[in-house]
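Open the model in your viewer and keep the selection tool ready. The tour goes from one stop to the next.

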Amino acid sequence: MSTVHANSAATTVNTERAGRGRGVVRTLREMASRPSGAVGLLLVLMHLFIAIASPWLVPFDFKAISASLILNPPDAIHWWGTDHLGRDVLTRTLLGGREAILVTVVATPLAVLWGGFVGIYLGLVGGKLDDVLMRVVDAFLALPWILKMLLLIATFGSGIEVLIPTLAVFYGIPVIRIARAAAHNVVARDFVLAARARGHGRLAIIRRELLPNVLDALMVEGAMRWSWMLLAFSSLSFLGFGVSPPTPDWGLMVADSRTFLAIAPWSGLYPIVALSSLIIGINLTADALAKTLGVDRAQKAPI
Amino acid sequence: MLRMILRRLMLGAITVGLVSLIIFSAVEALPGDACTALLKQDAQGQRLLNCRQELGLDRPAPLRYLDWASAALRGDLGFSAHSTKRISVLVGDRLKNSLLLGITALAVGLPVAFIAGILAALRRDKWLDLVLSALAIGAMTIPEFVSATLLILVFSGWLGWLPGIVLTPPDAPLSKFFPEIILPVAALAMVMTAHILRTVRSSMIEVLDSDYVRMATLKGVPYRTMVWRHVLPNALLPAINVVALTVAWLLGGVVVIEMVFNYPGLGRLMIGAISDRDLALVQAIALIVATVYVVVNLTADLLTLVANPRLRTAAGRLA
């Protein structure tokens, strides 16, 4: 008798659940139908393709130094000119995003996963634990990102094995807030109450009731986190705390070329265009994703 | 009302306390301490032990935390490991310079951001809005070091109008920074203007689409009156919090821009302190920056609370 009741409650509830079940293909198609989404997706896919394929595409050795080719303007052999050590700029620009993209593509899902889980959990249980942990989150957010990152990098080095976990941990903390707020909007709804009444455990409620409703907000947040992580990564490289030479990296290339930019703009402008186009592409994609999923993309200052 | 203000103040104090705990434990957990930084290669054996005893580093960590925190409360931040200057002196000059940079950028950027944001919303989807929004997205997404580098290239390298790098020493009087500060201010103002513009615009649009504005239009309130009396007060209130986040970011030392322009502010001091492993200085700067962040956000919260009566009830607080 009681099972019948629970089931009927569950069916009415299912219709109440927002969005979801849209499917990846349909979401992507809808995003691509917006001009911003089409441009954004195209830019992102192009960069991903170049990042994977560039070792087979590049015309020269990225670390081949030549005294006779220092700061040569673009010509028929070196299409984008050479840098202050006589290295081919086209080669280095094509290769220059690989480490940044690898690190951020791994770290972003990790950050969204752990931050999202903790946030949803706190949104569901509330109470003392929620109060205490949110204070800690606030305290972490009050510290500048670069200080947190640099303290770890200065101690443990800036290899991939340090950067990925560091970025994943620190960029997951703001996700807690987003996920908690999104979960809060759902927790009070009838279908969560019904699931509780049916005697489902917390994990089951998170997986079956909360996650489907919070997922959209988390995906948009993830896209934004990706672009912020890329910014952080390139800024660290630019400041000399990221990728170590001679590995080509856009941030490092911009830093190296700064002194010669007025006389040899090609050595810095190509990596600038590469980095900016990827970040703009991610932002356009995130915008289109937010509009397609109907998520209000929150406005935030860069912290 | 008073209870809510007190509650907020207490939460802010707790956050600052937690920050100090986090900073202290982080620095504690990392390898190396003031003595290894001070002695460098000689940091071994008896000399290391003596130094630790002298500086009191051999005492248990909780005790040292209490000492450090209570001294910081009295405004005593201790000594820098490298320059043997008092940290409060060292930080004072840099903080002053960072304030000059931040406040100038705010003075330039805030009016531009608000006017542009309001105009963009009122001319929604017209060419003015499209141009402003595109500019804002560009300024927001392009990395700071890229826009700063391009500014230097154009205005210093090609046109030769402005100095591209700050050469004024940290302790110089503020007026000495004048022509050199223009490019860093421009770089900062671009980013913050874009963020605030976008917030003001979306907040304005939300209000313009609301029922009470439609109602005002339907009952024949003149357009100007409608905008000034009904839209602006309601739309600009939510912007306070984003302005606060931006202010905190500006005052907290804008590391990348300060590095690009060689500007002697708090951010560059912080990078130097981390590179030199001057942990006492790192702790002090982190504490100052975090306190500024908390205080500015708290001020914004309280301002919103005072300006918006709806938030004063328990129901409004939950929302």
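How many residues of helix α11 (residues 250-257) of chain A are buried? This is a predicted model, in which local features need pLDDT of at least 70, side-chain atom pairs count only at pLDDT 80 or more, and totals for chains, interfaces and linings use all residues. Residues are numbered from 1 along each chain as its sequence is written, while chains are lettered from A and ligands numbered from 1 in the order in which they are written.

**Stop 1: α11 of chain A.** Select residues 250-257 of chain A: 8 of the 8 residues in this helix are buried. Buried means 20 or more other C-beta atoms within 10 Å of the residue's own; exposed means 12 or fewer, and partly exposed lies in between, with C-beta atoms placed from the backbone. Helices here are DSSP runs (H or I, at least four residues), numbered from the N terminus. Among the buried residues of α11(A) are W250(A), M253(A) and D256(A). Now show what they pack against: α4 (89-95), α5 (98-125), α10 and α12 of chain A, together with α7 (144-158) of chain B.

**Stop 2: the interface.** Select the 37 residues of chain A in contact with 40 residues of chain B. Contact means C-beta atoms, placed from the backbone, within 7 Å. On the chain A side, the elements giving two or more residues are α6 (127-142), α7 (145-156), α10 (202-239) and α12 (266-293). Of these, α12(A) gives the most, with 7 residues. By class, the chain A side has 25 nonpolar, 8 polar and 4 charged residues. Nonpolar covers Ala, Val, Leu, Ile, Met, Phe, Trp, Tyr, Cys and Pro; charged covers Asp, Glu, Lys and Arg; the others, Gly among them, are polar.

**Stop 3: L147(A).** Go to helix α7 of chain A, where L147(A) sits. L147(A) counts as buried because it has 23 C-beta neighbours inside 10 Å. Leaving out residues up to four places away in sequence, L147(A) touches M270(B) and A286(B).

**Stop 4: a helix pair in chain B.** Select α5 (residues 87-122) and α11 (residues 239-251) of chain B: their axes come within 8 Å and cross at roughly 145°. Axes are lines fitted to C-alpha atoms, for helices over the stretch in contact, and angles run from 0 to 180 degrees between N-to-C directions. From α5(B), S98(B), L99(B), G102(B), A105(B) and L106(B) meet V247(B), L250(B) and L251(B) in α11(B). These contact residues divide into 6 nonpolar, 2 polar and no charged.

**Stop 5: L188(B).** Finish by selecting L188(B). Residues up to four places away in sequence aside, L188(B) touches L101(B), A105(B), L250(B), V254(B) and I257(B).

Definitions and conventions:
Two residues are in contact if their C-beta atoms, placed from the backbone, lie within 7 Å.
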